[in-house]
Amino acid sequence: MFTNHLRRVRRYSDVYSFSISYRMKHSMRSLFRPSSIIHDSNPTSGNGKSDGSSHTTCKSLRLMTDLGLIQPTSAGTYHLLPLGLKSLEKLTNTIDHFMMGIGGQKIQMPTLTFSSLWKKSGRLAECESELMKMTDRENREYILSPTHEEAVCDLINNTNISYKQLPLRLYQITNKFRDELRPRFGLLRGREFLMKDLYTFDKSEKDGKITYDEVNTAYSALFDYIGVNWIKARGSGGTIGGSVSHEFHFLSSAGEDRIQICQQCSEIFNEELVLHRSSTTSAELDTLECLNCGSKEFMSHVAIEVGHSFLLGTKYTKPLNATFVNFSGKSQSLEMGCYGLGVSRILASVIEVLSTNTDIRWPLPLVPYSIAIIPPKNGSKEEQYVGDLPEVLVNYLNQILPNDVLVDDRSEFTIGRRFKDLKMLGIPYVIVLGKRLMEKPRIIELHDVYGDIVTDLTMDQVFNYCCDLKSKWKMI
């Protein structure tokens, strides 16, 4: 098996040079990974460099900047660097999969939206303090969109939709903007962020509720697949509005939401929902009552909101004239829903929830590289035994895990130093080509980093092991 594969690899190498596939494409030496050390900016903690805000930092921001996944540019805005972007692209591909699974059609709307559309919906004055605006040379005012409810209704208004085309589910994954007063915690609350926003249109309130349930089910499946513990809670409509709203959260002390779980009926809701409806202040939590059963006994959790669903009815479609032609041939307002996922926030949140203080830990579907290879150190005894083994491993494993194999080719460093770096980056599996290469048969160490398990394998066993890994991960 190994000999036959080696022949295939050599034929492959005749067409694609090893220097490109191995040394330049996915290697630690060529990886652009500048770091910007971020310390806690709380005056009581000893101070240091902050992300440009006046708040303390958090684990995800510190790890992502220290290890070169992102780099701050100004308060609330960040460069996404290759490692961070690679994980983000895996996340967006995963979201595409689940959205298309419920009939979502991907579109892309302009970042700039006419302010006049927001005036029609009534949101311009309500949200003015958080909107980023600009005026063109003809003195027309635009908004750098934080959401696109108005814009998508304007799109629908310029079409002639029949009831036969419904339900209609349009989504996009694009950058959004919000003039946050106090941006903080890196990608958890920034002024520019990546969001998936889905807008649904149905012919009746009943159909709208069916769509609402289907999208929430898809969200649940998405978060199950990602593999981070999550919680769904009733939420407030806030400035977006609607008759029904649910939120999806990761439990974390870095969050800004407080989730209450009723100890009597197990109802889960965002504290804001009760405060908004009862005019209760956050200092009067002992007066909170469960909306479902009236109980005052709760278990409280701090959480990061990563998704939100809104059943909007005709809140936007009526003022913006988003209609369809019904069965009787008459124009009728569409029933609308909107569903958001904070894509860049999810990326930071999984790091916040899963990582240690020194090492990133990824859910396997989002890890930038599934496996890394460490060749021997220059000048070591085992170097003369390695031959073209790294090349063979890279090309073969890329057939199993395409573009998911990283080589740490910084051979001037010890194996231990390189292993530590890969562990900090959260690479879950590391192949070490060390002293046991001198044995017959040659033995390769495969480290399960998250499980802290080392397995000694022959070459054929490595290939079989990685095939088994891929089948266990059920990667999309």
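## Asp448

Asp448 is buried, with a relative accessible area of 16% (buried means under 20% relative accessible area, exposed over 50%, partly exposed in between, with a 1.4 Å probe and protein chains only). Asp448 belongs to strand 21, residues 444-448. Helices (H or I, at least four residues) and strands (E, at least two) are DSSP runs, numbered from the N terminus. Leaving aside residues up to four places away in sequence, Asp448 touches Pro428, Tyr429 and Ile453; contact means heavy atoms within 4.5 Å.

## Basis and confidence

This is a predicted model, in which local features need pLDDT of at least 70 and side-chain atom pairs count only at pLDDT 80 or more, while totals for chains, interfaces and linings use all residues. Residues are numbered from 1 along each chain as its sequence is written, and side-chain values use heavy atoms, with hydrogens and water left out.

The protein chain averages a pLDDT of 87, and 87% of the residues score at least 70; pLDDT is the predictor's confidence in each residue, from 0 to 100. Over residues 9-24 pLDDT stays under 50, and the model has 23 contacts beyond four places in sequence for them. Where pLDDT is low, the predicted coordinates should not be read in detail.

## Nonpolar cores

The largest nonpolar core has 62 residues, and those with the most contacts inside it are Leu69, Phe223, Ile226, Ile346, Val350 and Trp362. Helix 8 (residues 205-226) gives the most to this core, with eight residues. Apart from this core lies another, of 25 residues, among them Leu393, Tyr396, Ile400 and Trp473. A nonpolar core is a set of buried Ala, Val, Leu, Ile, Met, Phe, Trp, Tyr and Cys residues joined through side-chain atoms within 4.5 Å.

Beyond four places in sequence, the residues touched by Leu69 include His79, Ile351, Ile360, Trp362 and Leu425.

## Helix pairs

The axes of helix 12 (residues 389-400) and helix 14 (residues 459-473) come within 10 Å and cross at roughly 25 degrees. Helix 12 is therefore roughly parallel to helix 14 (angles under 35 degrees count as roughly parallel, over 145 as roughly antiparallel, 65 to 115 as roughly perpendicular and the rest as oblique). Axes are lines fitted to C-alpha atoms, for helices over the stretch in contact, and angles run from 0 to 180 degrees between N-to-C directions. On the helix 12 side, the contact is made by Leu389, Leu393, Tyr396, Leu397 and Ile400. The helix 14 side supplies Met459, Val462, Phe463, Cys466, Cys467 and Lys470.

Helix 4 (residues 82-100) and helix 8 have axes that come within 10 Å and cross at roughly 145 degrees. Residues making this contact include Leu91, Ile95 and Phe98 of helix 4 and Ala218, Leu222 and Ile226 of helix 8.

## Backbone in the loops

The peptide bond from Leu166 to Pro167 is cis, with omega near 5 degrees. Pro167 is in the loop between strand 7 (161-162) and strand 8 (168-177). Another cis peptide bond joins Lys440 and Pro441, with omega about -5 degrees, and Pro441 is found in the loop between strand 20 (429-432) and strand 21.

Asn139, a residue other than glycine, has a positive phi near 65 degrees. Asn139 sits in the loop between strand 5 (132-135) and strand 6 (141-144) and counts as exposed at 64% relative accessibility. Ser266 has a positive phi of about 70 degrees although it is not a glycine. Ser266 lies in the loop between strand 12 (257-262) and strand 13 (268-270) and is exposed, with a relative accessible area of 52%.
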